[in-house]
Every structure is written in structure tokens, then in C-alpha cells.
Amino acid sequence: MRIYLSNAGAIALRDPADFRRLDVMADPQPQARLERAIARIGRREDERHVRLSPSVLRFLSQHAGEPEWEAGFTAMVDYAARHGWVDDRGDIRAHMVVNERDEVVSVDDFKAAMRSLPAGISAVSTGDGEQMAGMIVSSLTSISADPPMVGFFVQQTSSAREPLLRNGRFVANILGEGHGDVIQAFLNKPQGEARFAQGGWIMNEHGSPVLPDALASIECDIVCTEMLGTHDLIVGKIRKTACREAPPVINFKAATHRIAPALMQ
């Protein structure tokens, strides 16, 4: 089995039923990000080795509790113990390899491709008073109907990230043709109450700003966050929604566009 530490922030266990080996493979990535990933699975022993917790391996395998897998896993741990690779804490020593190259497109090529993807525009809001914060996103997506959940991405350097995580709630307000002033305020005004000067925002029962004439307002509790590359995925469980009929707008080629009426029929 091999633990894979992606530079996108994901951690996966490959070949979980291969008990003849145990190692860690990592994509090239900033040292601080690599150390955070290692801390999630165990601890670094030296430059080329890490110590892995058996409980983490069981969790990542998705086979914990299956008799045949447990027998093979126990045999692997016993073999490691006989060879002195298990310490007093029960953690297993594993060799670590860092890939020399990661063959991916350039940042410019990535951005050019993503600008060709039409996407809805939403104003995500959270907090109240001086703690009020908001951001424009085109990454809002449905995740699950049961339980009802949506998600979006926030850049880790965004001024809205810390208020979102601190508050634990957000409202995704889906914007339409009449919300150009809201978009401009969110993009150009400093973080805080100034961003909410346009649009007639009201506060919901939890003290979060809601845009009353949004195509849809989706009030959520944050139930999951996941660091992926330069962004965090934020997932919310939907507590309340409100919808109204209005012409939508989309983000395309780094600009806002109307949808032709014929395409909406």
C-alpha cells in the first residue's frame, strides 16, 4: 500500500490490499504544505522516512472491519514489528519518495481554459455588523440533495476566508441581471459593511446578510472544509432557501453576460 500526498491537498491510500510494501509518495510542493500533509497521517522521522499510525491507514483504506483485509493488515504490521519498524507508540516506519516532476499545464493555460467555462455568479455573505463579509464566486455548485448541500471555493488569501470559517455559516445569493451594482460593490469596496451598501440587504435570524431579490438565497451551515491547492472547498448544509423569477447572468471570459431569452425557453 502507498499513501499519496497530492500537491492539490488530497491524501489517498493506493493499493490498500497490497501488504507487501508500505511507503509514502508526495508530489513536489512547498515545504510547509508537505509538512502539514505529513502531520495529517503521522509524523516525520527524518528526511526520507515518516511514521504512520495504523489507525490512519485503516481509515484511509475504506476496508477496516473486513475480516480478510484485517488479517492481511495485521500480518503486515506483525512483519514490520519483527524487523524493528514499529516504535513504542505503535507507529510504523515508512519510506518517503517525493516526485521530481509534476506534469501539469501552466497557470496561464489553466486560467485560459477556465475562462471558457460559463458559470453562474453568486454573492456569498456571512457575519453581521463590523464582522460582515462577502465575496463574489462563480464556483457555487450543488453537492447533494439528501442531505441538501452546496459548495464553493475560496482562495486561502481571500479576506472573506477567515470570517467565513469563524462564523460557520454563509448565504449564497445567486445574482441576476439587476445586480450589477452588487457585483461592483463586492469586487471594489473594502471588506465589511461597505460591500453591502448596494442591494437592500436584510439580516436573517442568524445575523447573516441575505439579498432579498436574489434569484435564490441559500442559507447554510458550514459542515466541511477541505484545503485543495491554493483554495479551500467550503461545503454547507442548506437550512433555508428562497427563490424568485428573474433573468440570470453568467461569468464568461472574465466578464458578466446575459443569457439570450431564446436559450432560456
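What volume does the second largest pocket have? It comes to about 260 Å³, in a predicted model where local features need pLDDT of at least 70, side-chain atom pairs count only at pLDDT 80 or more, and totals for chains, interfaces and linings use all residues. Residues are numbered from 1 along each chain as its sequence is written, and side-chain values use heavy atoms, with hydrogens and water left out.

A pocket here is worked out on a 1 Å grid over the protein atoms alone, as an open set of points where a 1.4 Å probe fits, with protein on both sides within 12 Å along at least five of seven lines; a lining residue has an atom within 4 Å of a point. Grid points are joined across faces, edges and corners, and the volume is the space filled by probe spheres set on them. For the second largest pocket that gives 13 lining residues, with Arg21, Leu22, Ala80, Trp85 and Arg93 nearest its centre. Two elements, helix 3 (67-82) and strand 6, each give two or more residues to this lining (helices are DSSP runs of H or I with at least four residues, strands are runs of E with at least two, and both are numbered from the N terminus). Strand 6 makes the largest contribution, 4 residues. By type, the lining splits into 8 nonpolar, 2 polar and 3 charged residues, where Ala, Val, Leu, Ile, Met, Phe, Trp, Tyr, Cys and Pro count as nonpolar, Asp, Glu, Lys and Arg as charged, and the others, Gly among them, as polar.

The largest pocket has a volume of about 1500 Å³. Its lining runs to 38 residues, and Phe110, Lys111, Met114, Ser138 and His231 are the closest to the centre. Helix 4 (107-115), strand 9 (133-137), strand 11 (148-155), helix 6 (180-188), strand 17 and strand 18 each supply two or more of the lining residues. Helix 4 has the largest share, at 5 residues. The breakdown of this lining is 21 nonpolar, 12 polar and 5 charged.

Buried means under 20% relative accessible area, exposed means over 50%, and partly exposed is in between, using a 1.4 Å probe and protein chains only.

As for charged pairs, the count is 19 salt bridges, each one a side-chain nitrogen of Lys or Arg within 4 Å of a carboxyl oxygen of Asp or Glu. Arg51 and Asp87 make one of them, with the closest N and O atoms 4.0 Å apart. This pair links distant parts of the chain, 36 residues apart: Arg51 is in strand 5 (residues 49-52), and Asp87 is in the loop between helix 3 and strand 6. Both Arg51 and Asp87 are buried. They also belong to a salt-bridge network with Arg43, Glu45, Asp46, Arg89, Asp91 and Arg93.

Asp232 and Arg161 form another salt bridge, at 2.6 Å between the closest N and O atoms. Asp232 belongs to strand 16 (residues 231-243) and Arg161 to helix 5 (residues 161-167), so the pair ties together parts 71 residues apart in sequence. Asp232 is buried at 4% relative accessibility, while Arg161 is partly exposed at 22%. In the salt bridge between Arg44 and Glu35, the closest N and O atoms are 2.9 Å apart. Arg44 is partly exposed at 28%, and Glu35 is partly exposed with a value of 28%.
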